[in-house]
Amino acid sequence: MSCGHEREAGHMTKVERNGSDFVVAAPVLGEAFGLAEDEVRKAMHDAALTSRCEAGQEADEGCWRLSFRYKDRVFRLTLDAAWKALTSASFAAPRPPHDRG
């Protein structure tokens with residue numbers, strides 16, 4: 001996970017907790033994927049925009065990595081223990097042929 005070893009988050013990205021879930025505002029995801037807020041909500045509802053949360057282990061204990069996938073793009077945030085975005089990354093990540101939908 002390398003907490004803090006990707007590009008520094010260029011702006012304060014607000015991340016909240018709702019129980020055990022992380023909540024990232026639709027405008028943040030919209031900016032990352034070039035979508036309007038309503039398109040983000042629809043893509044999430046339709047499972048076209050998916051997310052994954054990983055907890056840091058060993059040296060990265062207390063950090064979190066949130067990854068969002070939409071089509072062939074991934075947007076990733078690395079958070080510290082206070083849920084502050086330390087780094088962000090956006091990159092192409094084509095799905096394997098058997099996983100395209």
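This briefing walks through a predicted model of one protein chain, topic by topic. Because it is a predicted model, local features need pLDDT of at least 70 and side-chain atom pairs count only at pLDDT 80 or more, while totals for chains, interfaces and linings use all residues. Residues are numbered from 1 along each chain as its sequence is written, and side-chain values use heavy atoms, with hydrogens and water left out.

**The chain as a whole**

- The chain holds 2 helices and 6 strands; helices (H or I, at least four residues) and strands (E, at least two) are DSSP runs, numbered from the N terminus.
- Starting at the N terminus, the elements follow the order β-β-α-α-β-β-β-β.
- Of the 101 residues in the chain, 35% are buried, where buried means under 20% relative accessible area, exposed over 50%, and partly exposed in between, with a 1.4 Å probe and protein chains only.
- Among the contacts in the chain with a separation of 6 or more, 42% come from residues 24 or more positions apart; a contact means heavy atoms within 4.5 Å.

**The four-stranded sheet**

- An open sheet is built from 4 strands in the order E3-E4-E5-E6, with antiparallel pairing; two strands pair if DSSP finds at least two bridges between them.
- Its edge strands are E3 (49-55) and E6 (85-92), each of which pairs on one side only.
- On average, neighbouring strands of this sheet are turned by 15° against each other, direction ignored; axes are lines fitted to C-alpha atoms, for helices over the stretch in contact, and angles run from 0 to 180 degrees between N-to-C directions.
- Strand E4 (residues 64-70) pairs with strand E5 (residues 73-79) over 7 bridges, in the antiparallel sense.
- The hairpin of E4 and E5 has 2 residues between the strands, and Lys 71 there takes a positive phi near 55°.
- E5 also pairs with E6 in the antiparallel sense, over 7 bridges.
- The hairpin of E5 and E6 has 5 residues between the strands, with Trp 83 at a positive phi near 70°.

**A closer look at E5 and Thr 78**

- Strand E5 is largely enclosed by the rest of the structure, because 6 of its 7 residues are buried.
- Thr 78 lies in strand E5 and is buried, with a relative accessible area of 1%.
- In E6, the residue opposite Thr 78 is Thr 87.
- The side chains of Thr 78 and Thr 87 also make a polar contact (3.0 Å); this term covers a pair of N or O atoms within 3.5 Å, where within protein one must be able to donate a hydrogen and the other to accept it, and residues adjacent in sequence count only if both atoms are side-chain atoms.

- Strand E1 (residues 15-18) and E2 run antiparallel and are joined by 4 bridges.
- Between E1 and E2 the hairpin has 2 residues, and Gly 19 takes a positive phi near 70°.
- Ala 25 lies in the loop between E2 and H1 and counts as partly exposed, at 35% relative accessibility.
- From C-alpha to C-alpha, Ala 25 and Val 40 are 9.8 Å apart in space, and they are 15 residues apart in sequence.

**Helix H1 on the sheet**

- Helix H1 (residues 26-33) lies across E3, E4, E5 and E6, and runs at about 135° to E5.
- Ala 26, Val 28, Leu 29, Gly 30 and Phe 33 are the buried residues of H1.
- The cover over these buried residues includes strand E2 (21-24), helix H2 (37-45), E3, E4 and E5.
- Gly 34 follows H1 and has a positive phi, near 70°.

**The largest pocket**

- Rolling a probe the size of a water molecule over the atoms shows where empty space is left.
- The largest pocket has a volume of about 220 Å³. On a 1 Å grid over the protein atoms alone, a pocket is an open set of points where a 1.4 Å probe fits, with protein on both sides within 12 Å along at least five of seven lines, and lining residues have an atom within 4 Å of a point. Grid points are joined across faces, edges and corners, and a volume is the space filled by probe spheres set on the points.
- Of the 15 residues that line the largest pocket, Phe 22, Val 23, Val 24, Ser 51 and Phe 68 are the closest to its centre.
- E2, H1, H2, E3 and E4 are the elements that give two or more residues to this lining.
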